[in-house]
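Visitor: Please show me the model, and then take me through it by question and answer.

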Amino acid sequence: MSIKPREHWSSRTGFVMAAVGSAVGLGNMWRFSYLTAENGGAAFVVLYLVVTLLVGLPILLAELVVGRGSQRSPIRALVHFGGRAWTPLGFVFVAAGFLILSYYSVIAGWTLRYAGIVLFSGFDATIADRFEDVASGWDAFAFHLLFMAVTVAIVAGGIKSGIERSAIVLIPALVLIVCGLALYAATLDGATQGYAYYLDTDFSKIRSLRVLKDATGQAFFSLSLGMGAMLTYASYLGRDHHLPNESVVIASADMAIAFIAGLVVFPLIFALGLSDEVGGSTVGALFITLPHAFAGMGAIGRVVGILFFAALIVGALTSAISLLEVVVASAIDGLGWSRHRAAWVMGIAIAVLGAPSAWSTEVLGVIDQIANNLFLLGGGLALALFVGWVMKDPIAEVRAGAEGIRWFFLWRTFLRFAVPVGLGFVLLQAVPDTWNAVVKLFES
Ligand code: PFF
């Protein structure tokens with residue numbers, strides 16, 4: 001089959017914005033703050049930063065190398081460098097895109113709904129008790145469909161005029177809003193206690209394999225790693241890009257936004273005396289505690305609430321776009337479909353797959369664990385082995401556009417030994433944990 005000339009990003013900024021858009025999302029605000037709360041605060045944040053640098057960054061560079069080097073979507077990219085035996089891993093990546101987007105979009109739907117409530121009527125004190133109503137059932141499904149429709153429309157628009165154009169507008173807006181909110185949060189009375197909780201490190205809390213597993217899962221989820229999303233975006237890059245620099249920029253932006261989001265969330269929670277709600281944190285934390293906080297703040301709470309949910313929606317949208325692009329690019333390359341057809345057909349399939357998550361937050365929580373603990377961490381392990389041992393000369397590919405750097409052999413050695421051993425170790429905890437979560441769901 002002849003391959004059509006591949007569309008490329010129109011500029012470096014375009015690619016970086018889209019990739020940062022993929023990384024920065026609900027993971028930075030919703031998932032990061034609930035895991036930080038659940039795991040006792042700052043020590044978890046430190047662990048997450050360390051894992052991002054030691055494991056996340058090398059895998060991110062690996063994804064960029066495979067994507068740009070092959071100029072293909074994930075399944076074909078793996079076959080290109082590794083032969084047919086690697087087809088199943090490509091399918092696992094696409095399946096992960098399906099699975100994650102199916103529930104990610106449900107959470108984005110909650111966000112849309114909350115944005116609507118705060119915009120048109122403002123939160124009242126009962127909002128915390130109404131979370132389950134908002135988060136499950138036909139309403140949740142309807143908002144999930146709405147969010148999917150917007151995502152599909154942008155992906156159908158193509159790399160330059162859909163994905164790049166939206167990211168270039170949305171990401172700077174998101175950064176401004178989140179920084180503005182952090183400055184505002186600093187002026188609140190309880191801010192100091194919030195910071196204390198968030199920033200005082202108590203390392204005794206992180207001496208468990210379970211916390212390491214959560215931190216590693218979070219690093220992968222937040223950086224969009226382990227399922228070929230960054231790989232797919234890099235497949236639209238030319239060989240003049242400095243991939244190590246790009247990966248450092250993307251990872252720094254992602255960590256910075258997660259960190260700043262914490263500077264918004266924790267002071268808000270503590271200012272309103274809601275810290276008791278933090279410890280028992282679950283998937284719903286952000287959607288229960290924060291509206292409660294906004295409701296208690298009067299008129300200003302409405303403005304802050306609108307901005308907060310706007311930032312969440314923007315982050316969710318640019319991430320959802322990248323999740324769908326993995327699936328769509330694979331359908332275009334593999335089935336010869338048009339972009340338009342691929343986006344709508346796959347988008348509808350994913351929307352239907354999201355139904356169980358829209359009807360039950362417990363199901364959603366378990367699917368999130370399966371996606372992270374098994375798909376992303378397993379996918380990351382496989383990618384490290386692939387680039388470390390199978391791909392012929394990944395270092396030559398990094399060098400294109402980044403001549404003169406000498407330490408790349410270290411990167412490959414790291415991918416060969418340290419990363420697989422580390423991830424293998426984390427999977428020893430992740431697999432039984434996920435199994436138990438599934439069993440618990442079926443028993444309930
Ligand atoms: N990185 C996104 C976030 O933090 O919200 C989620 C995500 C996007 C995960 C794309 C995986 C992915 F491929």
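Guide: Two residues are in contact if their C-beta atoms, placed from the backbone, lie within 7 Å. Helices (H or I, at least four residues) are DSSP runs, numbered from the N terminus. This is a predicted model, in which local features need pLDDT of at least 70 and side-chain atom pairs count only at pLDDT 80 or more, while totals for chains, interfaces and linings use all residues. Residues are numbered from 1 along each chain as its sequence is written.

Visitor: Against which helices do the buried residues of helix 20 pack?
Guide: A residue is buried if 20 or more other C-beta atoms lie within 10 Å of its own, exposed if 12 or fewer, and partly exposed in between. In helix 20 the buried residues include Trp411, Phe414 and Leu423. The packing partners of the buried residues are helix 3 (42–70), helix 10 (209–222) and helix 18.

Visitor: Where does helix 20 bend by about 45°?
Guide: The bend at a residue is the angle between axes fitted to the seven residues ending there and the seven starting there. Phe414 is one of the buried residues of helix 20. The bend of about 45° in helix 20 is at Phe414.

Visitor: Is Val363 buried, exposed or partly exposed?
Guide: Val363 is found in helix 18 (residues 361–390). Not counting residues up to four places away in sequence, Val363 touches Pro356, Ser357 and Leu441. Because 17 other C-beta atoms lie within 10 Å, Val363 is partly exposed.

Conventions. Helices (H or I, at least four residues) and strands (E, at least two) are DSSP runs, numbered from the N terminus.
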